[in-house]
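Q: I would like a close look at a single part of this model, namely the place where the two chains meet. Please treat the charged pairs there with particular care.

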Amino acid sequence: MVEDEGIRRYVAHFILWVGIAIVAFPVYIAIVASTQDNALIANGQMSLLPGGHFFEVYYQTIFVGTSGSTREPVGNMMLNSLVMALAIAIGKIAISIISAYAIVYFRFPFRMAIFWIIFITLMLPVEVRIYPTYKIVADLHMLDSYAGLALPLIASATATLLFRQFFMTVPDELLEASRIDGAGPLRFFWDTLLPLSRTNMAALFVILFILGWNQYLWPLLITTRDDMQTIQVGIRKMITTTDALTEWPIVMATAVLAMLPPVFVVVAMQKLFVRGLVETEK
Amino acid sequence: MANVTLRNVRKTYTGGFEAIKGVNVDVADGQFCVLVGPSGCGKSTLLRMVAGLETVTGGEIDIGGRVVNQVEPADRDIAMVFQNYALYPHMSVYNNMAYGLRNRGMAEAEVKTRVEEAARVLELAPMLERKPRQLSGGQRQRVAMGRAIVRQPKVFLFDEPLSNLDAKLRIAMRVEIRKLQRRLNTTSIYVTHDQLEAMTLADVLVVMNGGQVEQVGNPLAIYEKPATTFVASFIGAPPMNLMSTRTDEIKSQLGGSASEAGILGIRPEDFAITDQTPAGGVALPLMVEAIERVGAETFVYGSRAQDEQRVAATPGELPPGEVIVRIPGTEAPAIGARIRVAAVRPKLHLFSGDGRTRIEA
């Protein structure tokens, strides 16, 4: 019986290790490839061990870019992506927490109608409304700008609904106690509701940051200038080159760099993230 | 320091439901007023109207000589203790108590003095830096009390503050609340559904039912002379025995105008097991059906064969024909025994047939 358990455990661990290997191998390849000489990769002689070009490849990637016509330092692309992802994540949280506050705590005409309108936008992601959205952004002269990158993606039904659900679980007595304690609507929001929503906000931030960071279609459409490129669009452009060898080490280095901020955000906010998903502080 | 006066207060919800149907109550300065009644009787609604958390749709609420119908809760100079305490979960005990003071722009030094004084009184001093979730139920309850007393308001409002505590702690806190209120001498209104809590705490007891006041007065006076059969069966445990006066058995014993009253009430402790019939009193033959021994006293549940007639329906009412008798000690007749119980005339309560009026015989 005991041996049986042991064998079972080894089998289970073996399966898990296989799974990890399948997931991790491409990442490993990307890291290895980003440290090798391009000619070697082009010849199909890439080693599975790290090469010796780590510093020069990453230096070139971050500060110079590929040698092709659309040369743009990846550092700049990362900055663009970072600004966009932060603006989307923070903007979404800010807007949706305020609208959820209005919908849950205030009685005003057409409250439910407005709630349903927000709800319906769940069914209209950017891809569906891309033409009208593009038209509006273009008419507002926001093409090739951070505002154009982030603003159309900020309004969020999901986050509003999430905050609404959370607010509805906050006992009414807290609001009443605040009213007796002389806190007006803004104070109650700032002093009580925001601190209570902290873990929810952290969880949302992680999800929304990654969502924003991974945007591809929208930035591709509205940015034409190279210096406004985001990293996801940039990688794609690096791969398709005309009349030249794809500079795989640089492409791979870019891919590795593109992974870092989401990884950092997840690791940094993991504790809060998990708490926000599983428990409500009450 | 203030008196609270409710003048013909009404609450009608938009759907047309009348939660409070014209309540008049006068709580003098420094008095402890308890609103008691079954759930849904409107007692909490009434308290929340005094707090300003519910709008008043009719009548006037007067706190310290000022009609406060349109005044915001924060400006009414009241403090409230909620059933679930409603502590701010993310704030320390200290900040929970200080929050209301800081919102009023009080200087930090004064805030500190007041919070520390309250913490000392409530024995919360060692836990000022803890968060509410690190406290036990009784400690949270005390923090909620502390939040109320640091404000030094004109009126304390308590909304069933003890109902989330276990029985032992509830009794201890009940005494503490009473002592605290005596010392601070602050007018208080306290809502509960527990008649024992109501009896022990109140200077003025307000018994409510169906959005109306059934009786107002000193708790013992209410116990001695309940104005309606509702009050008779709600105040006192076990409830008063109520029976129709129309049966021959009782009619003949009461005699005269008393027999026309409609409903006769006798408290369980006013019966004695005896073969004699006191002059002008009432004696009933009973068959013993159940015995409850609780130590100092024993409850005998007996049935009257003759009386199948149901009297006014009120909560806590006994099944028709059943009579509870309370006797001291643990001596009790055997189950199935036939006994005779009697009560003397001054202990009889007479009510009109609908139970709405007390008749003094």
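Does Asp181(A) count as buried or exposed, and what is its relative accessibility?

A: The model is a predicted one, and the description below should be read accordingly. Asp181(A) counts as buried because its relative accessibility is 3%, under the 20% that sets the limit for that class. Its partner in a salt bridge is Arg151(B), with the closest N and O atoms 3.6 Å apart. This pair crosses between the chains: Arg151(B) belongs to the loop between helix H4 (137-149) and strand S7 (155-159) of chain B, while Asp181(A) belongs to the loop between helix H9 (172-180) and helix H10 (185-196) of chain A. Arg151(B) is likewise classed as buried, because its relative accessible area is 9%.

The count of salt bridges between chain B and chain A is 2. On the side of chain B that touches chain A, the elements that give two or more residues are helix H1 (43-51), strand S6 (78-81) and helix H2 (93-103). By class, that side holds 14 nonpolar, 5 polar and 6 charged residues.

As for the extent of the interface, 25 residues of chain B are in contact with 18 residues of chain A. The two chains bury about 1800 Å² between them, and 55% of this area lies on carbon and sulfur atoms.

Helix H1 of chain B deserves a separate remark. Of its 9 residues, 8 are buried, so that H1(B) is mostly covered. Arg48(B) is one of these buried residues, together with Lys43(B), Thr45(B), Leu46(B), Leu47(B), Met49(B), Val50(B) and Ala51(B). After H1(B) comes Gly52(B), whose phi is positive, near 95°.

For chain B as a whole, 56% of the 361 residues count as buried. The chain has 9 helices and 19 strands. Its accessible surface comes to about 15200 Å², with 50% belonging to carbon and sulfur atoms. Of the contacts in chain B between residues at least 6 apart in sequence, 67% join residues at least 24 apart.

A search of the whole structure finds 17 salt bridges over all chains. One of them joins Asp139(A) and Lys135(A), at 3.2 Å from N to O. Both residues lie in helix H6 (residues 130-139) of chain A, 4 residues apart, about one turn of the helix. In an α-helix there are 3.6 residues a turn, so residues three or four places apart point the same way. Asp139(A) counts as partly exposed because its relative accessibility is 46%, and Lys135(A) is also partly exposed, with a relative accessible area of 41%. Another salt bridge brings together the side chains of Asp227(A) and Arg225(A), at 3.0 Å from N to O. Asp227(A) is partly exposed at 34% relative accessibility, and Arg225(A) is partly exposed with a relative accessible area of 42%.

Terms used:
Residues are numbered from 1 along each chain as its sequence is written. Chains are lettered from A and ligands numbered from 1 in the order in which they are written. This is a predicted model: local features need pLDDT of at least 70, side-chain atom pairs count only at pLDDT 80 or more; totals for chains, interfaces and linings use all residues. Side-chain values use heavy atoms; hydrogens and water are left out. Contact means heavy atoms within 4.5 Å. Buried area is the accessible area (1.4 Å probe) that two parts lose on being put together, summed over both. A salt bridge is a side-chain nitrogen of Lys or Arg within 4 Å of a carboxyl oxygen of Asp or Glu. Ala, Val, Leu, Ile, Met, Phe, Trp, Tyr, Cys and Pro count as nonpolar, Asp, Glu, Lys and Arg as charged, and the others, Gly among them, as polar. Buried means under 20% relative accessible area, exposed over 50%, partly exposed in between (1.4 Å probe, protein chains only). Accessible areas come from the Shrake-Rupley method with a 1.4 Å probe; for residues, only the protein chains shown count as cover.
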